Amino acid sequence: CYIYFAKLLRELAFHYLPLTSFYFSNLQVFAATYFQLILVPFLSETLKISKRTIYLWGTDIELPKMPLYHQHTLAYALAAYRKKQQQKIAA
């Protein structure tokens with residue numbers, strides 16, 4: 001479940017946040033940078049919760065202690081985003 005959720009988070013964040021090849025030069029640096037500078041603020045703004053709360057859930061993209069209702073909220077957001085993208089492609 002957490003691996004699937006991590007993939008959902010990556011997909012949702014990558015759609016909204018541009019990444020450059022600079023971040024890919026070192027995978028560990030990228031992962032830490034991505035989590036601290038991109039993912040945490042993105043989740044904080046999206047879910048309307050504090051960054052501290054997100055850090056309590058975990059310190060990597062898996063976020064094993066994230067409550068299930070927040071996982072569901074993000075899954076719905078991703079589904080809505082995908083639907084909107086498909087409608088743009090069809091138009």
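Mentor: Start with Ser44, which is buried, at a relative accessible area of 14%. Keep in mind that this is a predicted model.

Trainee: Where does Ser44 lie?

Mentor: Ser44 is part of helix H2.

Trainee: And why does Ser44 count as buried?

Mentor: Because buried means under 20% relative accessible area, and Ser44 has 14%.

Trainee: What does the side chain of Ser44 reach?

Mentor: The backbone oxygen of Ile49, at 2.5 Å. Setting aside neighbours within four places in sequence, Ser44 is in contact with Ile49, Ser50, Lys51 and Ile54.

Trainee: Next one, Lys48. Where is Lys48 found?

Mentor: Lys48 sits in the loop between H2 and H3.

Trainee: Is Lys48 buried or exposed?

Mentor: Exposed, because its relative accessible area is 68% and the cut-off for exposed is over 50%. Check its backbone too: Lys48 has a positive phi of about 60°, although it is not a glycine.

Trainee: Let me zoom out. How many helices and strands does the protein chain have?

Mentor: Four helices and zero strands. From the N terminus on, the elements run α-α-α-α.

Trainee: What share of the residues is buried?

Mentor: Of the 91 residues in the protein chain, 32% are buried.

Trainee: And the accessible surface, what does that come to?

Mentor: About 6,300 Å², with 61% of it belonging to carbon and sulfur atoms.

Trainee: Now the inside. Which residues touch the most other members of the largest nonpolar core?

Mentor: That core has 15 residues, and the ones touching the most other members are Leu39, Leu43, Leu47, Ile54, Trp57, Leu63 and Met66. Helix H2 (27-47) and H3 each supply at least two residues of this core. H2 gives the largest share, eight residues.

Trainee: Why would nonpolar side chains be found together like that?

Mentor: In soluble globular proteins, nonpolar side chains tend to be buried together.

Trainee: Last topic, Gly58. Where does Gly58 lie?

Mentor: In the loop between helix H3 (51-57) and helix H4 (68-90). Gly58 counts as buried because its relative accessibility is 13%.

Trainee: Which residues is Gly58 in contact with, leaving aside its neighbours within four places in sequence?

Mentor: Phe35, Leu63 and Pro64. You have already met Leu63 in the core list.

Key
Residues are numbered from 1 along each chain as its sequence is written. This is a predicted model: local features need pLDDT of at least 70, side-chain atom pairs count only at pLDDT 80 or more; totals for chains, interfaces and linings use all residues. Side-chain values use heavy atoms; hydrogens and water are left out. Buried means under 20% relative accessible area, exposed over 50%, partly exposed in between (1.4 Å probe, protein chains only). Contact means heavy atoms within 4.5 Å. A nonpolar core is a set of buried Ala, Val, Leu, Ile, Met, Phe, Trp, Tyr and Cys residues joined through side-chain atoms within 4.5 Å. A polar contact is a pair of N or O atoms within 3.5 Å; within protein, one must be able to donate a hydrogen and the other to accept it, and residues adjacent in sequence count only if both atoms are side-chain atoms. Accessible areas come from the Shrake-Rupley method with a 1.4 Å probe; for residues, only the protein chains shown count as cover.
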